[in-house]
Amino acid sequence: MSTTTVGDLISRAEALAEALHHEPTPLPRRAWQRFDATTYRLLDLITDLPPAQPTSRPALLIRLRDAYPMPLTLLREPRTYTVAQYAAPYGYPLMTVRSRISRGLLPTTDDHGQARIDARPGPDAADLAPADPASVEPLDQLAATLGAVADLLAYEPRPSSPAPTQADRDALAARVLAITAVTARHALTRIPFADGNRPLLIGRYAEFALDALDPSRDRDSALNQIASFHPPTNPTTPVEHLEAALRGWAAAARHELTRPIPSTAVLANIASQGIHLYAVADQITLAQADLGHLPTRQAALARREFRTTAAQLDQLGRQWNTVTTLQPPTHTYVTATERMSDTLFELTHHGIHQRASADLAARIDLNQAMVELRYGATDLRDFIQIAVPLPLRLASSELLFAPARALRHTPERLHAVKHGHYLAADSRDITALRVSARDAAHAARRGHAALSRAAAPDPPLGHGLSRGPVTPVATPEL
């Protein structure tokens with residue numbers, strides 16, 4: 001597989017910034033705006049990374065982030081924003097934004113009781129797209145590289161990875177600010193005078209922020225090790241086939257969960273695939289213990305957690321199978337899930353017979369197989385968590401159906417029960433499904449933690465961060 005880390009991308013950005021002084025061509029205004037917006041987005045993400053300690057907040061970085069010169073033309077991108085994040089770049093009062101939300105003028109979603117705005121239709125945002133990595137414009141290449149760093153950080157380190165310290169954040173922010181200062185200096189000599197105020201403002205800001213972060217400027221940062229991994233194009237070993245199958249299934253499942261009306265067959269199948277994944281993890285953990293690669297007690301504790309998680313996932317799958325949204329799964333998902341099932345079965349079986357521990361160890365790298373299963377369990381945990389609010393949302397929209405005989409019997413439903421009709425379920429009909437969804441989410445987190453402890457050796461920080469729509473973050477030169 002190919003690997004690109006945050007450190008690789010930042011080093012490339014530094015090289016691109018240093019090479020700008022060789023560029024004699026005028027600087028397009030739009031190229032500068034894309035770089036400006038990307039820099040702010042990256043600094044915002046560095047500041048908002050989960051802290052190493054719950055009470056630890058990067059106070060200096062927060063002040064520097066909030067001091068970024070505004071107003072700012074932001075990129076058009078599919079993400080959500082808090083009220084404060086939406087208001088800050090344009091100088092909107094918070095009360096104005098909240099008033100627009102209450103009047104239905106801004107689309108929002110609920111995130112654990114906090115309203116998040118689904119889009120940012122601010123000034124000029126409609127036509128300012130992110131930089132194209134294939135562009136021949138040097139500043140666009142630089143902006144695309146920093147955008148790739150932002151995409152990696154947007155998929156924040158998993159709980160199994162060490163959280164970044166304040167020194168890590170400061171060191172990475174200092175490198176980004178140094179790139180910004182160099183680029184702003186170049187822009188002042190190449191951009192039309194009418195547009196020169198913004199590069200001057202950003203250059204002054206970057207130098208001021210660098211002075212504030214001076215003690216951290218020469219430190220290395222653990223965030224540089226966050227990486228994007230690409231699965232093998234032509235897998236040859238069983239573990240490579242496992243990686244490709246898990247990756248393909250995760251991509252297909254993630255797409256299914258973004259559909260306006262997801263298929264309940266897919267939601268039930270995600271739980272079923274999770275059971276199969278933990279069954280394979282159970283067998284590999286047993287093999288590691290049999291061969292002395294893992295302490296017997298640690299293996300026993302992990303296997304107990306695997307089985308508990310599988311039992312909760314089984315209950316969830318059964319509950320999803322009692323209802324339907326009348327939406328079939330896509331052909332892509334069916335193909336991906338069949339491939340994953342076959343790959344998991346072939347990994348631990350010879351024909352119809354389960355492989356012995358010694359035979360399994362001779363066929364595959366047990367440690368690497370557990371690492372790949374760990375990433376699969378990470379995706380599974382996320383999918384199960386995403387699905388927790390779906391039963392209530394679908395029922396509230398009258399998009400969740402079940403046979404009338406399986407629902408609460410009321411006088412209004414007697415005719416439908418007699419004739420075997422399907423009816424829309426309400427919130428009281430799906431209590432068991434909602435409970436199972438919450439329980440399965442808790443179990444998936446515990447199972448993931450147990451699998452992470454059993455996986456050895458631990459992988460590099462951030463190996464699982466490429467799971468998601470940011471896979472193609474590397475530019476052609478990488």
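Me: Is Arg355 buried or exposed?
Reply: Arg355 is buried, with a relative accessible area of 13%, where buried means under 20%, exposed means over 50% and partly exposed is in between, using a 1.4 Å probe and protein chains only. This is a predicted model, in which local features need pLDDT of at least 70 and side-chain atom pairs count only at pLDDT 80 or more, whereas totals for chains, interfaces and linings use all residues. Residues are numbered from 1 along each chain as its sequence is written, and side-chain values use heavy atoms, with hydrogens and water left out.

Me: And what does the side chain of Arg355 meet in a salt bridge?
Reply: Its partner is Asp359, at 3.1 Å from N to O, a salt bridge being a side-chain nitrogen of Lys or Arg within 4 Å of a carboxyl oxygen of Asp or Glu. Asp359 is partly exposed, with a relative accessible area of 35%.

Me: How many salt bridges does the structure hold?
Reply: There are 16, and one of them pairs the side chains of Asp140 and Arg34 at 2.9 Å, N to O. Asp140 sits in helix H6 (residues 138-154) and Arg34 in helix H2 (residues 29-48), so this pair ties together parts that are 106 residues apart in sequence; helices here are DSSP runs of H or I with at least four residues, and strands are E runs of at least two, numbered from the N terminus. Asp140 and Arg34 are both buried.

Me: Switching to packing, at what angle do H9 and H14 pack?
Reply: Helix H9 (residues 238-257) and helix H14 (residues 366-386) pack at about 10°, with axes 10 Å apart, where axes are lines fitted to C-alpha atoms, for helices over the stretch in contact, and angles run from 0 to 180 degrees between N-to-C directions. That makes H9 roughly parallel to H14, since angles under 35 degrees count as roughly parallel, over 145 as roughly antiparallel, 65 to 115 as roughly perpendicular and the rest as oblique.

Me: Which residues meet there?
Reply: On the H9 side they include Leu242, Trp249 and Arg254, and on the H14 side they include Glu372, Leu380 and Phe383, with contact meaning heavy atoms within 4.5 Å. The contact residues divide into 12 nonpolar, 2 polar and 4 charged, where Ala, Val, Leu, Ile, Met, Phe, Trp, Tyr, Cys and Pro count as nonpolar, Asp, Glu, Lys and Arg as charged, and the others, Gly among them, as polar.
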